[in-house]
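Here's a friendly walk through a protein chain and its charged pairs. Have a look at the model, then read on.

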Amino acid sequence: MSKIGIYYGSTTGNTQDVAEAIAKKLGVEKADLHDVAKAKADYSAYDVVLFGTSTLGLGDLQDDWEYYIDKVKGADLAGKKVALFGCGDSSSYSDTFC
């Protein structure tokens with residue numbers, strides 16, 4: 001079975017709630033659920049990495065991701081499965097959602 005790590009940024013708590021729901025469905029331990037406001041960019045323990053964010057304003061990154069995204073850009077994700085999930089207002093901001 002693949003070891004899964006979930007990394008999320010959440011301003012209002014909605015993306016955290018979604019990350020926790022995904023973790024529960026996939027059987028991911030709480031220790032493998034990471035808030036990017038405090039997380040290190042070490043993905044070596046994981047076969048699968050999920051990244052989650054909300055969309056702010058007109059397609060802006062969630063605040064914590066503004067600082068964390070450079071860590072992801074420099075990380076070695078070779079051989080890992082990577083998935084993304086996003087929250088936001090797709091009705092009002094359909095052109096810039098996620």
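Buried here means under 20% relative accessible area, exposed over 50%, and partly exposed in between (1.4 Å probe, protein chains only). This is a predicted model, where local features need pLDDT of at least 70, side-chain atom pairs count only at pLDDT 80 or more, and totals for chains, interfaces and linings use all residues. Residues are numbered from 1 along each chain as its sequence is written, and side-chain values use heavy atoms, with hydrogens and water left out.

Let's begin with the overall layout. The protein chain has two helices and five strands (DSSP runs numbered from the N terminus: helices are H or I, at least four residues; strands are E, at least two). Their order along the sequence is β-α-β-β-β-α-β. Of the chain's 98 residues, 35% count as buried.

Now for the salt bridges, each a side-chain nitrogen of Lys or Arg within 4 Å of a carboxyl oxygen of Asp or Glu. That rule gives two of them:

| Pair | Closest N and O atoms |
|---|---|
| D32 and K3 | 3.0 Å |
| K73 and D70 | 3.9 Å |

The D32 and K3 bridge links distant parts of the chain, 29 residues apart. D32 sits in the loop between α1 (14-26) and β2 (33-35), while K3 is in the segment before β1 (4-8). D32 is buried, with 9% relative accessibility, whereas K3 is partly exposed at 36%.

K73 and D70 are both in helix α2 (residues 63-73), three residues apart, or about one turn of the helix. Both K73 and D70 are exposed.
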